[in-house]
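Student: Please take a close look at the aromatic rings in this model. I would like to know how they pair and what surrounds them.

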Amino acid sequence: VIGGIGPRGVVATASYEARKFGVHSAMATAVARRLCPQAIYMRGNHELYRDVSKKFMNILRQFSPTVVSVSVDEAYLDMSGTERLYGQPMDTADTIRKAVRDELGLPASIGIGPSKLVAKVSTEHAKPDGVFQVRQQEAEAFFAPQPVRNLPGIGPKAGESLAKLNISTLGELAATPVGPLRRALGPNNADHVRRRAKGIDNAPLRERVKAKSISAETTFETDVSSRSELEKVLKRLSERVGTRLRKSGQRARAASIKLRYGD
């Protein structure tokens with residue numbers, strides 16, 4: 001289990017073995033320790049992750065000129081027109097996985113699909129360390145039996161709203177009239193979500209997404225009541241937010257402070 005290991009630490013990630021005990025990311029480490037006391041708890045090493053991530057992305061760029069990184073260990077590749085170079089998609093995926101394992105000693109899961117959405121959901125079926133392909137003509141049938149929460153973008157709140165309509169699978173979501181969906185998900189989301197539930201996604205590989213908020217936060221190992229100490233931390237966090245805001249070229253409409261107490 002990787003993350004903060006102190007009394008107020010938070011889990012960043014956990015191995016598949018630990019997940020079987022209910023441990024997951026964003027969980028308080030104290031809760032994880034109760035669920036799985038026999039696990040090995042370690043702090044993260046961000047410098048190491050950055051180094052390995054850079055090498056990982058460089059390996060992917062050997063196979064496609066279009067690599068869109070979405071996190072330290074995840075990326076989309078446009079493999080259009082590469083069949084004559086590398087063969088069929090499943091063969092190419094195995095070649096990429098072998099390159100990652102040979103150079104970094106790491107497993108890699110690859111989902112293959114006609115769009116980002118289908119590839120993303122396919123990857124969940126490829127884990128751990130496998131390959132899974134879904135063609136466009138197979139997408140709707142592949143999506144239909146899956147729980148609604150498997151669709152990227154459907155969070156806990158949307159899941160609850162859909163449950164009230166007795167919608168539990170993507171097939172049921174795709175078959176639901178737009179009217180009830182608009183009331184549950186909002187007028188602007190209903191059509192979009194219903195299309196995606198059928199495996200239809202026309203989003204470009206590179207999307208420019210503007211952040212709705214820019215933030216910085218920290219957690220104290222023990223309670224801090226000194227006003228001067230709190231002001232020092234607040235100043236440091238404010239400077240970090242200001243730097244990110246300037247780099248983004250955006251202006252803020254409002255500023256807010258979040259405080260979380262021990263209880």
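Tutor: Phe142 and Phe143 are both buried, where buried means under 20% relative accessible area, exposed over 50% and partly exposed in between, with a 1.4 Å probe and protein chains only. The model is predicted, so local features need pLDDT of at least 70 and side-chain atom pairs count only at pLDDT 80 or more, while totals for chains, interfaces and linings use all residues. Residues are numbered from 1 along each chain as its sequence is written, and side-chain values use heavy atoms, with hydrogens and water left out.

A pair of aromatic rings is described by the distance of the centres and the angle of the planes. Rings of Phe, Tyr and Trp (its six-membered ring) pair if their centres lie within 6.5 Å; planes under 30 degrees apart count as stacked, over 60 as edge-to-face and the rest as tilted. This rule gives 3 aromatic pairs.

In one of them, the ring centres of Phe63 and Tyr86 are 5.3 Å apart and the planes are at 55°, so the pair is tilted. Phe63 is in the loop between helix H3 (46-61) and strand S3 (67-71) and Tyr86 is in helix H4 (residues 83-86), so the pair ties together parts 23 residues apart in sequence. Helices (H or I, at least four residues) and strands (E, at least two) are DSSP runs, numbered from the N terminus. Phe63 is buried at 10% relative accessible area, and Tyr86 is partly exposed at 26%.

The rings of Phe142 and Phe143 have centres 5.7 Å apart and planes at 70°, so this pair is edge-to-face. Ring pairs join Phe132, Phe142 and Phe143 into a cluster.
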